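Work through the following exercises with the structure open. Each task is followed by a stepwise solution.

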Amino acid sequence: MKNKPQYPIHWQKVSRRFLPFLLGIIFILVVSSQSISSVPKSTEILWDTYGIPHIYGNNTPDAFQAFGWAQMQSHGNLLLRLYGQARGKAAQYWGEDYLESDKWVLTMSVPKRASAWYKAQNPAFRNYLKAFANGINTYVKKHPDLIDDEVKVVLPITPEDVLSHLQRVLLFTFVVDPGRVADVTHTKSALGSNGWAIAPKRSASGKAMLLANPHLPWGNLFLWYEAQIIAPGIDAYGATLVGIPVLAIAFNDNLGWTHTVNTHDGWDIYELKLQKDGYLFDDKVRPFETTNFSLKIKQKNGSFREQIFSVKNSLHGPVVSANKGKALALRVVGQNSPGILEQWWDMSSSQNLTQFQKALQRLQLPMFTVIYADREGHIMHLFNGLVPVRQQGDFAYWQNIIPGDTSKTLWTKMHPYRDLPRVIDPPSGWLQNTNDPPWTTTFPIAIKAENYPSYMAPRGPMGFRAQRSARMLAEDESISFEEMIAYKHSTQMELADRILDDLIPAAQKSEHQLARRAAEVLAKWDRKADANSKGAVLFNFWVDDLDLNTAFSTPWNETSPRTTPDGLADPESAVKTLANVAAKIEQTYGTLDVAWGEVFRLRSSNIDLPANGGDGEKGIFRVVTFAPTEDGRFQAVNGDSYVAAVEFSQPVKAKALMSYGNATQPSSPHVGDQLQLFARKGLRPVWRNRQEITVHLEERTVF
């Protein structure tokens with residue numbers, strides 16, 4: 001960063017009576033320079049002390065180029081590896097471990113479709129994608145020593161690579177992934193989020209508020225990247241997934257939105273009846289279209305072996321398995337949606353609800369709930385996505401293997417925007433989504449399931465995290481900005497409130513001494529998963545050994561969605577399980593009342609901190625998922641990633657956190673630098689105007 005020029009003033013020569021006048025002139029000049037600097041003569045990135053890039057583009061292509069540069073500076077090695085995988089050539093670049101990834105990408109025709117999508121962009125947006133790719137390539141030319149040699153094989157990056165990566169992330173990871181296809185059944189995704197919108201009538205300030213809180217794995221293509229993009233017609237702040245050239249969750253001075261993974265069914269497995277060299281469809285034999293790929297696979301000695309990989313395509317989609325005269329074909333929505341990035345870009349440049357909905361109506365985004373709030377006080381929940389128009393069956397029917405020999409089951413059309421579940425400005429004054437169906441977004445119920453096709457979204461138990469979310473919003477009629485942040489960090493276990501009243505008395509009466517001691521610990525426990533909570537570890541592992549489908553004396557009821565299920569169906573069996581779990585905990589950790597943060601940790605390179613938060617299935621709003629480590633502890637690997645709390649006051653008030661830091665490059669000081677705040681349940685102030693950013697400036701990049 002260059003030193004600022006100094007302007008010495010000889011104050012001793014200035015008469016005292018002119019001092020107020022002179023200070024006024026200086027103030028006007030400072031304010032003027034700030035307003036002028038909002039449209040800089042040159043494009044630049046101002047990096048704040050948390051590694052957040054604030055991109056000032058004097059035109060839109062330059063802003064995209066700077067964003068490509070910024071992502072390389074923060075995540076270059078990861079970004080190039082992701083783009084290599086999206087090409088379907090990762091095994092050629094890095095070996096056998098990537099072969100299944102390549103086969104998935106090629107089976108789904110990702111690289112071929114990327115070329116078609118690129119041609120389908122309008123000329124202006126095509127230039128933006130070129131500029132983003134150019135920013136990536138230019139960074140490596142300027143700083144070749146900062147990028148690992150083994151990922152440079154992917155260079156140069158093309159706009160088609162960006163679109164291939166977009167497809168791989170949205171369509172072939174979020175909508176459906178290889179694991180769920182292998183299971184054949186529509187198992188629940190591990191991807192989740194919380195989202196809130198609070199109307200002025202329920203806000204202490206009288207201003208609408210928004211809470212963005214995605215929960216994704218802390219690595220690979222799920223990593224979030226926080227940034228601000230300023231160019232003619234746009235000043236948006238938010239986050240996107242690494243490698244995506246626009247913000248996916250964002251706010252500006254007038255509005256903002258967040259996404260949650262919704263209960264959206266955008267894929268189906270069809271069973272085809274094989275006959276001769278084809279398959280039976282409406283009593284006729286249709287031929288497969290076969291494409292052969294020659295895969296190069298890098299060996300450990302640096303040589304290559306070649307493998308021919310064949311993909312058969314049907315009317316339904318590509319064949320993903322074949323056995324004993326039958327084949328399974330996969331059909332996925334969104335393959336004719338080349339305008340995803342432009343829609344997100346236009347959402348972030350919208351200035352009111354009308355403009356925002358105009359962008360949404362394009363229905364380019366294949367899935368995701370949209371939770372929205374704005375300065376005018378509007379809030380909205382949209383069950384967004386490409387929902388196939390199906391001729392038969394409810395949601396449960398379409399979770400199974402579908403007969404593929406008839407056109408009656410083959411969907412070809414999507415529901416238009418007007419058909420999707422949506423509510424604007426509900427009487428309650430609040431909206432929430434924690435990956436639950438749209439029917440439970442607020443109470444009194446504002447979106448009624450009976451008004452929509454039975455395959456639109458499931459009707460079933462409202463999860464404990466959703467119940468906790470709705471409880472916090474419903475029980476506070478005047479929520480301040482600070483209270484919203486406190487609620488966001490709630491580790492209260494909603495599940496504990498339902499069954500401890502039955503478990504503790506039963507355990508206290510037990511003949512088993514260990515069960516009685518466990519009851520003492522649970523009776524003193526604060527029912528939270530804070531770092532110092534004692535009893536949370538015991539309860540957590542006990543619940544893990546229960547079958548929650550049969551554990552409750554009162555099952556979930558649609559007429560009492562926020563207070564059921566409740567009670568223990570078999571207290572005696574539950575106490576026996578408690579004693580067994582207590583024995584294991586005492587043996588492993590030396591005490592039954594071990595603190596939560598002693599067992600559950602936040603770790604990154606040389607950082608090792610006590611964690612708070614836990615499993616959303618137990619009704620914790622502060623979601624963190626842990627994986628076992630070699631020392632008998634558990635390390636955070638998933639959950640709260642990007643958090644943004646926004647109040648649409650004047651000026652907008654905002655705080656944020658990127659749990660794992662805003663960089664992964666080994667040379668960056670921002671790898672894991674926000675974990676300390678995470679451990680303290682803190683958020684950082686969001687710096688959006690140039691004066692604030694300059695005060696907290698770490699680096700300046702001028703183009």
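**Exercise 1.** Which residue does the side chain of aspartate 149 meet in a salt bridge? Locate aspartate 149 and classify both partners by accessibility.

Solution. The model is predicted.

Step 1. Aspartate 149 sits in the loop that joins helix H6 (123-142) to helix H7 (159-175).

Step 2. Its side chain forms a salt bridge with that of lysine 152, at 3.2 Å from N to O.

Step 3. Aspartate 149 has a relative accessible area of 62%, so it is exposed, since exposed means over 50%. Lysine 152, at 24%, is partly exposed.

Step 4. The C-alpha atom of aspartate 149 is 9.2 Å from that of asparagine 77, although the two residues are 72 apart along the chain.

**Exercise 2.** What is the accessibility class of each partner in the salt bridge between lysine 618 and aspartate 615?

Solution. 

Step 1. The closest N and O atoms of lysine 618 and aspartate 615 are 3.1 Å apart.

Step 2. Buried means under 20% relative accessible area. Lysine 618 has 3% and is therefore buried.

Step 3. Aspartate 615 has 30%, so it counts as partly exposed.

**Exercise 3.** Which residues are linked with Arg471 and Glu475 in a network of salt bridges?

Solution. 

Step 1. Start with the pair itself: arginine 471 and glutamate 475 form a salt bridge, with 3.3 Å between the closest N and O atoms.

Step 2. Glutamate 475 is exposed because its relative accessibility is 57%, while arginine 471 is partly exposed at 25%.

Step 3. The network also takes in Arg468, Glu494 and Arg498.

Step 4. For the total, the structure holds 33 salt bridges.

**Exercise 4.** How are the axes of H15 and H16 oriented to each other, and which residues meet?

Solution. 

Step 1. Two packed helices are described by the angle and the distance between their axes.

Step 2. The axes of helix H15 (residues 536-544) and helix H16 (residues 571-589) come within 9 Å and cross at roughly 125°.

Step 3. Roughly perpendicular covers 65 to 115 degrees, and roughly antiparallel needs over 145. H15 and H16 are therefore oblique to each other.

Step 4. The crossing of H15 with H16 is right-handed.

Step 5. From H15, the residues in contact are Val537, Leu538, Phe541 and Trp542; from H16 they are Ala574, Thr577, Leu578, Val581, Ala582, Ile585 and Tyr589. Sorted by class, this contact has 10 nonpolar residues, one polar and no charged.

How values were computed
Residues are numbered from 1 along each chain as its sequence is written. This is a predicted model: local features need pLDDT of at least 70, side-chain atom pairs count only at pLDDT 80 or more; totals for chains, interfaces and linings use all residues. Side-chain values use heavy atoms; hydrogens and water are left out. Helices (H or I, at least four residues) and strands (E, at least two) are DSSP runs, numbered from the N terminus. Buried means under 20% relative accessible area, exposed over 50%, partly exposed in between (1.4 Å probe, protein chains only). A salt bridge is a side-chain nitrogen of Lys or Arg within 4 Å of a carboxyl oxygen of Asp or Glu. Axes are lines fitted to C-alpha atoms, for helices over the stretch in contact, and angles run from 0 to 180 degrees between N-to-C directions. Angles under 35 degrees count as roughly parallel, over 145 as roughly antiparallel, 65 to 115 as roughly perpendicular and the rest as oblique. A crossing is left-handed if the near helix is turned anticlockwise from the far one by less than a right angle, and right-handed if clockwise. Contact means heavy atoms within 4.5 Å. Ala, Val, Leu, Ile, Met, Phe, Trp, Tyr, Cys and Pro count as nonpolar, Asp, Glu, Lys and Arg as charged, and the others, Gly among them, as polar.
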